[in-house]
Amino acid sequence: MGNSLTASTNQPNSLDVISLMTLLANKDAPVDQKRAAFERLQQEFAPQTHQTKAYSDELSRVFALRFDPWEQRPQDASTLSEVDLADRIRGCIFGAALGDAIGLCTEFMTQSQVEENYPPDFEFFPGCDVHPDSHRMMFPKGDWTDDTDQMILILQSLLQTGGRCNDQGSDFASQLVTWKDSGFSGLGDSGGAGLGQATKKIILTDGFINEPCTAARKVWEQSGKSLAPNGAVMRTAVTGVPFFWDSVIVDENTLAYCRVTHADPRCAASCVAISHCVSLLLRGIDDVNRILSDALSHAEKHLNSHECIDEFHRFASVSSLEQLELDEPHSIGYTFKCMGSGLWALRVVGDLGFSETLQQIVRAGGDADTNGVVAGALAGARLGYSRLPAAWLTGLPYVLWLEAWVQKVLFMLNLPVKPKE
């Protein structure tokens, strides 16, 4: 969600924009004036549309969509009841959106800047008053960012392809290009906002739609094989949902959707670790140590050196967020940091609860929305949708639209579409 500044077709006159942006950038301007300028710019460039007829029409369109059925789920696929299994799938998807939405509050800030911009007792939630600046003004109040957008694109792709990525991800690649240009137009977007520079460069490479993996590998090799950003792991938790009972298919889907834009083995291992945790949770396994041991041993097979394997396990086994140095400015987007955030959340959410776990992720700063989306997905998959903060869910302006897509996925798995009470 959100809009790029250049893509907006709803701009005030240029003099207003310049004066408002100047005021917003002025560190010495009174807080109330900066807040007023921020809200004016946000309303112009990223208005909420959930109370418009166009949004109502979009909801009707999505709810009416029908897809070819997926392969039948085996009766012994999970030890969970169908109600609890559906609750965990819902928790994974909605948890990701919630973590993303509150992560935007501190995205790109150092921890000291977070402390400067928000009081110590400030509670982050979708729709809270975010720090007013030119980055956060491009997203509707309470909304998620490109991280959840791309997760939804994967869900849409899986619905269209029988739950399995095909043609080396060309379907997803085509959707990415369309999203980059127009966002989710049914929600009022005029372009995708927040797209990472590495992913954007790959999308713009010649031949990307027809051979996305080739284009991604070309860009990675041109970088000296050094690029390992978090743009794949942020979106691939949901690849642990279709065929969750079959590790081979989960891996195939996860790697395919990763490699559309990210060729580095560290990105592949990060994505597999997260998606495998989701699949194990859906099978009904509750022993977190067992889940982590299985997922990490499974994922490390995709790494090509002892050095990378050691680093992988170091990030995956942290006992505190401080060990990850999430706000270190030169590496905030490193895939292992994002993975480490998510696995830390999986470990602690049983004791801390969803809200406190995500509060700590957000207060750590750095690439907080991306860390939040992965942490939220794993925490939500462990707790289930029924244990997510209800007030947070109502703060998402497009929660009903996301609900429509979630119901499609649950229907494909022959699971109850009604939320657990």
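Visitor: Is Tyr118 buried or exposed?

Guide: Tyr118 is buried, at 3% relative accessibility. Buried means under 20% relative accessible area, exposed over 50%, partly exposed in between, with a 1.4 Å probe and protein chains only.

Visitor: What are the ground rules here?

Guide: This is a predicted model: local features need pLDDT of at least 70, side-chain atom pairs count only at pLDDT 80 or more, and totals for chains, interfaces and linings use all residues. Residues are numbered from 1 along each chain as its sequence is written, and side-chain values use heavy atoms, with hydrogens and water left out.

Visitor: Back to rings. How are Tyr118 and Phe124 arranged?

Guide: Their planes meet at 65 degrees, so the pair is edge-to-face, with centres 4.9 Å apart. Rings of Phe, Tyr and Trp (its six-membered ring) pair if their centres lie within 6.5 Å; planes under 30 degrees apart are stacked, over 60 edge-to-face, the rest tilted. Phe124 is buried too, at 0%.

Visitor: What about Phe315 and Tyr334?

Guide: Also an edge-to-face pair: 5.8 Å centre to centre, 85 degrees between planes. Both residues are buried.

Visitor: New topic. Where does the charged end of Arg90 sit?

Guide: Over the ring of Tyr385, 5.2 Å from its centre. The rule: NZ of Lys or CZ of Arg within 6 Å of the ring centre and within 35 degrees of the ring normal.

Visitor: And Arg164?

Guide: Arg164 lies over the face of Phe243, 5.8 Å from the ring centre.
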